[in-house]
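I opened the structure to look up how its parts touch. My notes follow.

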Amino acid sequence: MSSLEASLNTERQVSGRIRRKRKAYHEMTYHFMLLPGMVLLFIFSIVPMFGIVMAFQKFIPAKGIFGSKWAGLTNFTYMFQLPDAKQIFVNTLVIAVGKIILGLIVPIVFALLLNEVRLKVFKSTVQTIVYLPHFMSWVVLGTMMTMIFSYDGMVNNILQLFGLERTMFLASNAWFRPLLIVTDTWKEFGYGTIVYLAALTGINPSLYESAALDGASRWKQTLNITLPGILPTIILLGTLSLGNVLNAGFDQVFNMYNPLVYQTGDIIDTFVYRMGLIQMQYSFATAVGLMKSVISFVLIVVSYKLASKYAGYRIF
Amino acid sequence: MIQSRTFGAQASRFLIILVLVLIACLSLAPIINTIMVSVSSSTAVNAGKVYFLPVDINFSSYAKILDDAKFWRAFLVSVERVALGGAINMLLTVLMAYPLSRTASQFRARNVYMWIIVFTMLFSGGIVPWYMVISKLGMINSIWALVLPGAVPVFNVILLMNFFKGIPKEMEEAAFIDGAGPLKILWHIFIPVSMPSLATITLFVIVGHWNNFFDGIVLINDSHKIPLQTYLQQLSLTRDQMQNLSVEQLQQYNKISNTTLNSAKILVSMIPILLIYPFLQRYLIHGIVLGSVKE
């Protein structure tokens, strides 16, 4: 009896040791699997973060980061005094918020309209068409938009047919921001509907049946069943978009703007690019970029916190 | 769903379909106009006669592109970066997603890695230090500059990790008891099960590489080595050249720039995207579910 127990115990000890050894071996393998990716992330994401010290220096490339003089906060005070810098913050905010609002409303309306259609072929054809622009680059679309909205482009030709005056949309400070917001919404609204269409399939069909029996019209059903059904998704996406209020869309602006509309269309990202990589004002550009990175970081963290608190959303 | 058959309901359904058709047309309008411009004569285009039908139909722009060595060189660079960059992206995504999908008790360092990775996604040093690191490494003008800095697609890693987490434990248990190591389990169980997810991510990675123009502008100075999107971007005047132009000069510039040829060029650049678009669309819904809005 006792010998049997003893042998069982040693067996347990042995298997425990093997299991531990195996776990150690597995963990070692995990580290090796992560190694190449982590090395690349370190070189191209973490190392540049140390370059942030340039924002607090009067950086001179020939002297390097260790040889350049410290400048304290002068780069930042300079930024707050420069009228251009103030303007680009305003531009960024206005354009980004415009895109967020329109980019939230249009897909919801479109998804609700699409939801009313029962003809499958029609529905999927429309979807195929409206998703397409999402996959095209702003180089391609920017070229198209520049052609279409130019002084002798299609839009102006049509305006003239109706006896309206030609407008330089791309060189007009009154038109440039709305143009950015509308064309961005045009590109992304179709793709944005996917989430809502997925949410719509989750609504219990029996709700509609009982509502119809009670004599509720389609409009009433949309208002009282469909909208509340997708409301959590709307709130979630709205919250997450908080992280984007300083992302006005570099690719789009870069491919559509020109010096005539810098006053209303120049955003933080394009400004940092021109200051840093064209005019070689490394320290100043890094300071402006850092300002944006820090604010965006805080906003994203806050929006994730809100989303996880109120919608149970977690990315990992 | 119960549909009412009253006249009002019929009329509103018809109206909805009409609106949807209009929106779909609006989505296609710029693309169709560009196609028509590319097959019309320059004189007709400049006279503002081309809307949604070709005028003086001819394919001379496309013939010109066929002989354009610069265009095809850039096209090849793009193909190269998609193949090389896409392969590296996918390899690293799979290799990183698996260990990260383990629980913290299975892999004690898991959360440390996770925090570092998420931090790199949410915060960056900005474009100037990024450029300096790459240039210090001597990668300017090399294809590696287009491939390595973005080699770890952090967002995709998290997508795949979440998918791996959802794979039932029972599936790997048998292999584990047979003594299979992590690489074997990943290769024989996780990868076959997640083929649709991998297809989705591959397609997104391909589109991302194909459409990227910015790293080509900043990191490649040699015009023989720029990718296609960068080549197309530089067809228009550089911003610095435009700096000194007045409104009238800008109008003049728009007139003389070769609209028909440029239209044809951007359309040819879209062909690879259009070729994979049917696959993209099939996996689209899957990709959204993959990035599950709710867990």
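**Domains of chain B**

I am reading a predicted model: local features need pLDDT of at least 70, side-chain atom pairs count only at pLDDT 80 or more, and totals for chains, interfaces and linings use all residues. Residues are numbered from 1 along each chain as written, chains are lettered from A and ligands numbered from 1 in written order, and side-chain values use heavy atoms, without hydrogens and water.

I found chain B divided into domain 1 (1–57) and domain 2 (60–292); the bounds come from an automatic or database domain assignment. In chain B, 11 residues of domain 1 are in contact with 11 residues of domain 2 (heavy atoms within 4.5 Å). The two domains of chain B bury about 720 Å² between them, 67% of it on carbon and sulfur atoms. Buried area is the accessible area (1.4 Å probe) lost on being put together, summed over both parts. Thr34(B), Ser38(B) and Asn46(B) supply 55% of the area that domain 1 of chain B buries against domain 2, more than any other three residues.

**Chain B against chain A**

Next I checked the chains. The contact takes 109 residues from chain B and 97 residues from chain A. The area buried between chain B and chain A is about 9700 Å², with 77% from carbon and sulfur atoms.

How many salt bridges cross the interface of chain B and chain A? The rule (side-chain nitrogen of Lys or Arg within 4 Å of a carboxyl oxygen of Asp or Glu) finds 1. Glu27(A) and Arg108(B) form a salt bridge through their side chains, at 2.4 Å, N to O.
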